[in-house]
Amino acid sequence: MTVMTAAEIEDFLDDVFPQRQGTIEAVDHMRATMSLAIEDEHLRPGACVSGPSMVNLADVCLFVAVLAQIGPEAMAVTSSLNCHFLRRARGDRDLIANARILKLGQRLAVGEVQLFSTGDDEPVALVTATYVLPDRDD
């Protein structure tokens with residue numbers, strides 16, 4: 001069960017993180033899916049999606065998954081992030097991020113994100129990250 005819908009998270013992020021990129025496609029229990037419409041600004045030489053664009057989408061997608069579970073908390077912040085680039089992300093296709101929270105504790109949330117070029121079955125990158133959560137009243 002989530003405590004925020006995708007629309008509520010979009011509204012919250014419009015206020016606290018308006019410069020983010022990507023569109024929330026869905027949130028579910030311990031999961032989120034986002035997409036990024038690839039534009040020229042996301043490309044590197046060779047017409048593939050740049051690493052920073054992929055990492056940015058993955059980070060925001062896992063943040064969205066966390067928000068769906070804990071509610072509107074701007075200060076849930078990334079404390080570590082590791083990205084494995086697995087194959088070329090095609091510059092002529094949008095990027096899809098599927099985030100999954102592996103552990104949601106009182107102070108930390110740990111998760112992974114698989115990134116795909118639209119229409120491909122094999123991921124282009126795998127990201128793992130940890131977020132520090134502010135004190136919560138439970």
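These questions and answers cover charged residues in a predicted model.

Visitor: How many salt bridges are there?
Guide: A pair counts when a side-chain nitrogen of Lys or Arg lies within 4 Å of a carboxyl oxygen of Asp or Glu. By this rule, the count is six.

Visitor: Is Arg20, which meets Asp14 in a salt bridge, buried or exposed?
Guide: The N to O distance between the side chains of Arg20 and Asp14 is 2.8 Å. Asp14 has a relative accessible area of 43%, so Asp14 is partly exposed. Buried means under 20%. Arg20 has 12% relative accessibility, so Arg20 counts as buried.

Visitor: Which residues are linked with Asp14 in a network of salt bridges?
Guide: Asp14 forms a salt bridge with Arg20. The network of salt bridges links Asp14 with Glu10 and Arg20.

Visitor: How many residues apart are Glu112 and Arg100?
Guide: Glu112 and Arg100 form a salt bridge, with their closest N and O atoms 2.7 Å apart. Glu112 is in strand 7 and Arg100 is in strand 6, so the pair links distant parts of the chain. The two are 12 residues apart.

Visitor: Why does Asp135 count as exposed?
Guide: Asp135 forms a salt bridge with Arg107, at 3.1 Å from N to O. Arg107 is partly exposed, at 42% relative accessible area. Exposed means over 50%. Asp135 counts as exposed because its relative accessibility is 68%.

Visitor: Where is Glu39, one of the residues of a negative surface patch?
Guide: The patch is formed by Glu39, Asp40, Glu41 and Asp94. Glu39 counts as partly exposed because its relative accessibility is 45%. Glu39 is in the loop between strand 2 and strand 3.

How values were computed. Residues are numbered from 1 along each chain as its sequence is written. This is a predicted model: local features need pLDDT of at least 70, side-chain atom pairs count only at pLDDT 80 or more; totals for chains, interfaces and linings use all residues. Side-chain values use heavy atoms; hydrogens and water are left out. Patches are made of residues with over 30% relative accessible area and no salt bridge: like charges are joined within 9 Å, nonpolar side chains (Val, Leu, Ile, Met, Phe, Trp, Tyr) within 5 Å. Accessible areas come from the Shrake-Rupley method with a 1.4 Å probe; for residues, only the protein chains shown count as cover. Lys and Arg count as positive and Asp and Glu as negative; His and the chain ends are not counted. The place of a charge is taken as NZ of Lys, CZ of Arg, CG of Asp or CD of Glu. Helices (H or I, at least four residues) and strands (E, at least two) are DSSP runs, numbered from the N terminus. Buried means under 20% relative accessible area, exposed over 50%, partly exposed in between (1.4 Å probe, protein chains only).
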